[in-house]
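The entries follow the order in which I looked.

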Amino acid sequence: MTTEPLLDSGQLNYGSYLHLDQLLNAQHPASSPAHHDELLFIVQHQTTELWIKLMIHELSSASERFAADDPATALKRLARVKHIQETMTHQWSVLATLTPSEYSEFRGSLGTSSGFQSYQYRVLEFLLGNKNASLLQVFERQPDAHAAVEAALHSPTLYDQFLRWAARQGLLIPARVLERDVTQAYRLDEDLIDVFASVYENPDAHWAVYETCEELVDVEENFQLWRFRHLRTVQRTIGMGTGTGGSSGVKFLERALSITFFPELFEVRTRISAL
């Protein structure tokens, strides 16, 4: 058995391709001396940011593919996103092994850092439709982050591009929906519920739209499961106390559970069940 392929030839290898020197040296506990459990806290959040980066990559591509009348590729992207979401949700079980007493021993070293300050998370929510221009001020001192969030604010959402594509398939999407100000958070449109009701009443006639609706429902449901698992992990770690950075903690996360990205796709179910 030869070991030559395992020797460092000076060419691109596993470590250099993945930039492992930088990646594995990017965990710097703030506690002194470093608390044993702080590495868990850091790795949990760093890996979440990496998964969010991939989700943004996939959802942006899905949005572009709808704009290019390529729903098949868009659905492939959404299928991958769902698996990413499931991984992120299961990941909370690792952080949940951190007990309140363990967390309290290094929490004071975190300063004002908070997940609320994640610019990638804000880009993700903007991409899905939960836009709020006032949140740009959070990133005023981070030019690159500010630019990324601002670009997401001014771009059509995934749902916008899906609805525009559906209109090109012959569905009577209200003009006010197609021409809406994309810098604003998406709001339910009653007439659009009627359009989707017609799709669900005859799915064979609108199969591509029908299938995409269900994929989007999956994405939103997975997002809510992730939010809920986040809430429960925070609750078992700090109870109903104030979150890091001064956020309202569990109460803030509870409010987030009421946010919906694709409201008509859920309201149409009420319409159908009432028939």
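I take an axis as a line fitted to C-alpha atoms, for helices over the stretch in contact, with angles running from 0 to 180 degrees between N-to-C directions, and a helix as a DSSP run (H or I, at least four residues), numbered from the N terminus. The model is predicted, so local features need pLDDT of at least 70 and side-chain atom pairs 80 or more, while totals for chains, interfaces and linings use all residues. Residues are numbered from 1 along each chain as its sequence is written, and side-chain values use heavy atoms, without hydrogens and water.

I looked up helix α3 (residues 38-67) and helix α8 (residues 158-168), whose axes come within 8 Å and cross at roughly 20°. That makes α3 roughly parallel to α8 (angles under 35 degrees). In contact (heavy atoms within 4.5 Å), L59, A62, S63, F66 and A67 of α3 meet L158, Q161, F162, W165 and R168 of α8.

Next I searched for salt bridges (a Lys or Arg side-chain nitrogen within 4 Å of an Asp or Glu carboxyl oxygen), and the whole structure holds 13. R77 pairs with E58, their closest N and O atoms being 4.0 Å apart; R77 lies in helix α4 (residues 71-95) and E58 in α3, so the pair ties together parts 19 residues apart in sequence. I noted E58 as buried at 4% relative accessible area (buried is under 20%, exposed over 50%, partly exposed in between, with a 1.4 Å probe and protein chains only), and R77 as partly exposed at 25%. E58, R77 and R80 are linked in a network of salt bridges.

How values were computed
Helices (H or I, at least four residues) and strands (E, at least two) are DSSP runs, numbered from the N terminus. Angles under 35 degrees count as roughly parallel, over 145 as roughly antiparallel, 65 to 115 as roughly perpendicular and the rest as oblique.
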